[in-house]
Amino acid sequence: MALTINKKRNGKSKADARGRRHLRVRKRISGTEARPRLVVNRSSRHMFVQVVDDTKGVTVASASTMEADLRTFEGDKTAKAKRVGKLVAERAKKAGIEAVVFDRGGNKYHGRVAAVADGAREGGLAL
């Protein structure tokens, strides 16, 4: 995982800071076959969630707000994020995953990121 730093601002942009935080998180977190990593990617408008087995380098399950059934879902971005968490938990359970390690992706555990984790817990995953 390479950290790209904006040369003009000497690594002081928000994206660079999030990248550094993500590297600190990833030093401690790794997904295994028994307990894969639940990765959260957040844009200003959408949420993308994957369950990744790092030992094999395989995505086991994924969900995002870009999917057709979630695009028609009424509610604010936090409600959609919670729904994405439930959906990825449902898909992970079908793949035989019961527990995951939560990777917040350098974002604060707050708002939509926390809503994804809450939705995954409600869906039956152990975080």
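Reply:

**The sheet and its helices**

In this predicted model, Leu-38 stands opposite Phe-102 in E4.

The link between E1 and E2 is a hairpin of four residues. Strands of a sheet pair through backbone hydrogen bonds, and the pairing may be parallel or antiparallel.

Taken as a whole, the sheet is open and has four strands in the order E3-E2-E1-E4, with mixed pairing. Its edges are strand E3 (58-64) and strand E4 (101-103), each of which pairs on one side only. On average, neighbouring strands of the sheet are turned by 20 degrees against each other, direction ignored.

Two helices are to be considered against this sheet. Helix H3, residues 77-94, lies across E1, strand E2 (47-53) and E3, and runs at about 145 degrees to E3. Helix H4, residues 112-122, also packs on the sheet, where it touches E1, E2 and E4. The direction of H4 makes about 145 degrees with that of E1.

The buried residues in H3 include Ala-81, Val-84, Gly-85, Leu-87 and Val-88, together with Ala-89 and Ala-92. An α-helix has 3.6 residues a turn, so residues three or four places apart point the same way. The cover over the buried residues of H3 includes E1, E2 and E3 from the sheet, and also helix H2 (68-71) and H4. Just after H3, Gly-96 adopts a positive phi of about 90 degrees.

The remaining helix to mention is H1, residues 14-28, in which Leu-23 is found. Leu-23 has a relative accessibility of 27% and therefore counts as partly exposed, since buried means under 20% and exposed over 50%. Leu-23 and Lys-108 lie 85 residues apart along the chain, and their C-alpha atoms are separated by 14 Å.

The setting of the sheet in the protein chain can now be given. The secondary structure comes to four helices and four strands, and along the sequence the pattern reads α-β-β-β-α-α-β-α. Of the contacts with a separation of 6 or more, 56% are between residues 24 or more positions apart. Buried residues make up 39% of the 127 residues.

As to overall dimensions, a compact globule of 127 residues would have a radius of gyration near 14 Å, and the protein chain has 15 Å, which agrees. The C-alpha trace spans about 45 × 35 × 20 Å along its principal axes. The protein chain exposes about 7500 Å², of which carbon and sulfur atoms supply 49%.

Note on methods:
Residues are numbered from 1 along each chain as its sequence is written. This is a predicted model: local features need pLDDT of at least 70, side-chain atom pairs count only at pLDDT 80 or more; totals for chains, interfaces and linings use all residues. Side-chain values use heavy atoms; hydrogens and water are left out. Buried means under 20% relative accessible area, exposed over 50%, partly exposed in between (1.4 Å probe, protein chains only). Two strands pair if DSSP finds at least two bridges between them. Axes are lines fitted to C-alpha atoms, for helices over the stretch in contact, and angles run from 0 to 180 degrees between N-to-C directions. Contact means heavy atoms within 4.5 Å. The radius of gyration is taken over C-alpha atoms; the globule rule is 2.2 Å times the number of residues to the power 0.38. Accessible areas come from the Shrake-Rupley method with a 1.4 Å probe; for residues, only the protein chains shown count as cover.
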